[in-house]
Amino acid sequence: MISRQLVLTYLYLLIYVCLSSGVILFNKWVLSPKYFKFPFPITLTMIHMAFSGVITFFLVRVFKVVAPVKMTFQIYATCVIPISAFFASSLWFGNTAYLYISVAFIQMLKALMPVATFIMAVLCGTDKLRWDLFLNMVLVSVGVVVSSYGEIHFNIIGTLYQVTGIFAEALRLVLTQVLLQKKGLTLNPITSLYYIAPCSFIFLFVPWFLLEKPEMDVSQIQFNYWIFFFNAVAAFALNISIFLVIGRTGAVTIRVAGVLKDWILIALSTIIFPESIITSLNIIGYAVALSGVVMYNYLKMKDVRANQLPADNAPDRATKDKKISNIYKPDNFMDANDETTVGSLASEGAGVDEEAPLIPSSRLSYVTRTQTGSFNSR
């Protein structure tokens, strides 16, 4: 029995790594002007949000796979709406970056997620300025700068889009902690999408109407319904895989899987998209940044253990906390563009990619996260 459970755990991790990488590469292929030639990132993100909103409605309300939380109009207006706005923004900017820069370079820039989250947390008063964390943030920033300097096809517009998306995701994570956790709400990936996806769709409608709809009316675009259907299914499946993984593993395991996924994704992107070229400076800079992220995660997890030890005396409490601690507690855990959205996974990192739109970006914690957003972009 133990052996079977272990096999299932590694199987879920493998599925998560494959789906997370696959969604990012799929989004890049769809949006790239060199391949599928559908340069409309807002439209793609809206398709993902609409699909996820419909599917989660059936899962929550019709089939009752998971139970909805007690959501009042006040909580929705003061918490869900602002969080959805920044989530939509992070997906919009993150997916737009695919039009200008390579997947490999985007993954390297995502190492800035802990830096962005730390800055936002300090500004919002949810974290204190500590020199040990600050020095780690400097190390991460230096690594990203070196990696950027070594980028052959450096594009300032794409870089600004990606960095803006990272800071939008960081602010969303901090707002999640400040607004929702104080209300005592705990959302898993499915219920997160259920509440946030429809609201994010509405927020994206305005920039879509102003920026993309006019171009879509006059340009010759191909709209293959099966391509977009499978793209949306892959993005949603990523969220389900995260839902399965976080119930079976701890924060350390997921973070290790995220780091492995990022390296695999960087390598695969250079094979699938030959125009992506990795230089020695890229690798050195990313390795330096990653070392800072690893140390950051170590310090944060050390703080979490210190804070939880007095409270976790009961065995049943410990078992329960192991399953939910990674779902909606940004400070406890830490992609993508994966499309990841709300939770502890996100708080430290993932993604925003479009890996999983509503699960905390695994990037911060270096699990990694879309993205579906595909969510990362995430």
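This is a predicted model: local features need pLDDT of at least 70, side-chain atom pairs count only at pLDDT 80 or more; totals for chains, interfaces and linings use all residues.
I started with R130, which is partly exposed because its relative accessible area is 24%. My cut-offs here: buried means under 20% relative accessible area, exposed means over 50%, and partly exposed is in between, with a 1.4 Å probe and protein chains only. Residues are numbered from 1 along each chain as its sequence is written, and side-chain values use heavy atoms, with hydrogens and water left out.

I then looked up who R130 pairs with. Its side chain meets that of D132 in a salt bridge at 2.7 Å, N to O. For a salt bridge I take a side-chain nitrogen of Lys or Arg within 4 Å of a carboxyl oxygen of Asp or Glu. D132 has a relative accessible area of 31%, so I put it down as partly exposed.

D303 forms a salt bridge with R130 too, at 2.5 Å, N to O. D303 sits in helix α11 and R130 in the loop between α5 and α6, so this pair ties together parts that are 173 residues apart in sequence. Helices are DSSP runs of H or I with at least four residues, strands are runs of E with at least two, and numbering goes from the N terminus. D303 comes out partly exposed because its relative accessible area is 25%. Through shared partners, salt bridges join R130, D132 and D303 into one network.

**Other salt bridges**

How many salt bridges does the rule give? I get five. One of them joins the side chains of D127 and K300 at 3.2 Å, N to O. D127 is in the loop between α5 (113-124) and α6 (131-149) while K300 is in helix α11, so parts 173 residues apart in sequence are tied together here. Are D127 and K300 buried or exposed? Both are buried.

I stayed on helix α11, which covers residues 280-308 and holds L281. At 32% relative accessible area, L281 is partly exposed. A287 is in helix α11 as well, and its C-alpha is 9.2 Å from that of V144, 143 residues away in sequence. I note A287 as partly exposed, at 38%.

**Nonpolar cores**

V144 turned up again when I checked the cores. The largest nonpolar core has 75 residues, and V144 is among those with the most contacts inside it, a list including V30, F38 and F228. A core is a set of buried Ala, Val, Leu, Ile, Met, Phe, Trp, Tyr and Cys residues joined through side-chain atoms within 4.5 Å. I found a second, separate core of 13 residues, which includes Y12, V23, A234 and V245.

**Rings**

I count 22 aromatic pairs in the structure. F26 and W29 make one that is tilted, because the ring centres are 6.2 Å apart and the planes at 50°. The rule: rings of Phe, Tyr and Trp (its six-membered ring) pair if their centres lie within 6.5 Å, and planes under 30 degrees apart count as stacked, over 60 as edge-to-face, the rest as tilted. Both F26 and W29 are in helix α1 (residues 2-31), three residues apart, about one turn of the helix.

F51 and F229 have ring centres 6.0 Å apart and planes at 85°, so I call that pair edge-to-face. It links distant parts of the chain, with F51 in helix α2 and F229 in helix α9 (residues 225-245), 178 residues apart. Ring pairs also link F26, W29, F36, F38, F40 and F228 into a cluster.

**Loops with positive phi**

K37 has phi near 65°, a positive value in a residue other than glycine. K37 is in the loop between α1 and α2. K64, in the loop between α2 and α3 (73-96), has phi near 55°, positive in a non-glycine residue. K64 is exposed, at 60% relative accessible area, while K37 is partly exposed at 49%.
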